[in-house]
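Open the model in your viewer and keep the sequence panel at hand.

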Amino acid sequence: MDATSQRCGRTKKGQTAVSTTHDVANAFLAMQFYPRLQEPDIGENEDSSKFEREFFKSLSNISKKLNITKLDCRGMPYPYNISESLVHLQTQLKLSMYDWKEIRLVNDGKSIFFAKEDRYDTGCTLYYIPIIPLYTILHNRKTAKVSKLLVSVYAYIYQVLGVPYYRNEDCYLNSMYEMLENSYLEDEDADLDDEEGLTEFNDAVILGDYIKELITDPKNLTSFKKLLHGFKPKNDFEKDVLLIATSFYELFSSYPNVRIDRKFFPIRYREITDESDRPVTLDNYVSFCSSIKGRLFDILCQFVNCELQEYSEIDEPTRFIPFDRRKIENNDFDFETKVFDTIDNLIRLWQEHNY
């Protein structure tokens, strides 16, 4: 089954609206995003006069841009004037635009401004990277050299990009494999003499632990450059591997120590939502897995799709575009585009070649 074409089939439920009170901290939370370094709440430890000035300047700017009215709160003391202004703005946004929830009040550490949330579209794709094909070519003399290069690729994906590994207990797929295995063993109608089924479960554990030990070894990451520059492809498979490894190494060189989740601002941390309105999280759809072929993977995809389609939203890379058109460094999806495209190519490599 094509891992990269698996669709989560989610329906967009109406997300619970954020409630805003006279408590200014709660009011800020309703329209706030947290930068990667987890900045403090907007307004906290800020110079009140400076904050007030910047806020109303930004409020005036967004009101003109969106042609909405501002609340006259000149008689209100700080911080209630800001709290009430946010409540009024949210009400006006609800009435004037369908995507009002995408408007955010942003604190970049230097100033406060309103911005529109823009998400990178992951296409509801399951980016599940298999490890068993790597194990297979590692134990074949004809593919020994190319397999070492791919071990470095996997080491980069795990150690630097931080892609979840299914043998780690905190990984979503770990719980899915465990659930499927327990279900299989407890099924009275299951044929426990089914060698193929038991083998797939055993391989997922044993081979998964073996590959994990390799790709967590720092030596296999530091050798990446040397292996890449010394590799000479001999066939189409090796040519494809070289292109993929080169693309990953370019990411490693251009964005050292940058994780795949650098622009993820999980919805559950940004908005007050109903407990039943859970979002699809990063590790639900980006992860290492045992294999992308066989009965076990087919069943895994069925279970994942059934579960994820019940969720209301999806956490995706997010950037914020200021309404005042100020420039923000690295406020693009260049990294994300190359990461997801290259992971997609890696998965396709295993789909197209019989390993």
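Select C124: its relative accessibility is 30%, so it counts as partly exposed. Bear in mind that this is a predicted model. C124 sits in the loop between β2 (112-119) and β3 (127-130). Check its backbone: phi is near 55 degrees, a positive value in a residue other than glycine.

Next, go to N257. This residue lies in the loop between α10 and α11 (267-270). Phi of N257 is also positive, near 65 degrees, and the residue is not glycine. Is N257 buried or exposed? With a relative accessible area of 66%, N257 is exposed.

Now select Y78 and P79. The peptide bond joining them is cis, with omega about 5 degrees. P79 belongs to the loop between α2 (48-66) and α3 (80-96).

**Stop two: α10 against α14**

Show residues 236-254, helix α10, together with residues 334-352, helix α14. Their axes come within 10 Å. At what angle do they cross? The crossing is at roughly 155 degrees. Angles over 145 degrees count as roughly antiparallel, so α10 is roughly antiparallel to α14. The crossing of α10 and α14 is left-handed.

From α10, pick F237, D240, V241, I244, S247, F248, E250 and L251. They meet F335, K338, V339, T342, I343, N345, L346, L349 and W350 in α14. Colour by class: the contact of α10 with α14 has 11 nonpolar, 3 polar and 3 charged residues.

Technical notes
Residues are numbered from 1 along each chain as its sequence is written. This is a predicted model: local features need pLDDT of at least 70, side-chain atom pairs count only at pLDDT 80 or more; totals for chains, interfaces and linings use all residues. Side-chain values use heavy atoms; hydrogens and water are left out. Axes are lines fitted to C-alpha atoms, for helices over the stretch in contact, and angles run from 0 to 180 degrees between N-to-C directions. Helices (H or I, at least four residues) and strands (E, at least two) are DSSP runs, numbered from the N terminus. Angles under 35 degrees count as roughly parallel, over 145 as roughly antiparallel, 65 to 115 as roughly perpendicular and the rest as oblique. A crossing is left-handed if the near helix is turned anticlockwise from the far one by less than a right angle, and right-handed if clockwise. Contact means heavy atoms within 4.5 Å. Ala, Val, Leu, Ile, Met, Phe, Trp, Tyr, Cys and Pro count as nonpolar, Asp, Glu, Lys and Arg as charged, and the others, Gly among them, as polar. Buried means under 20% relative accessible area, exposed over 50%, partly exposed in between (1.4 Å probe, protein chains only).
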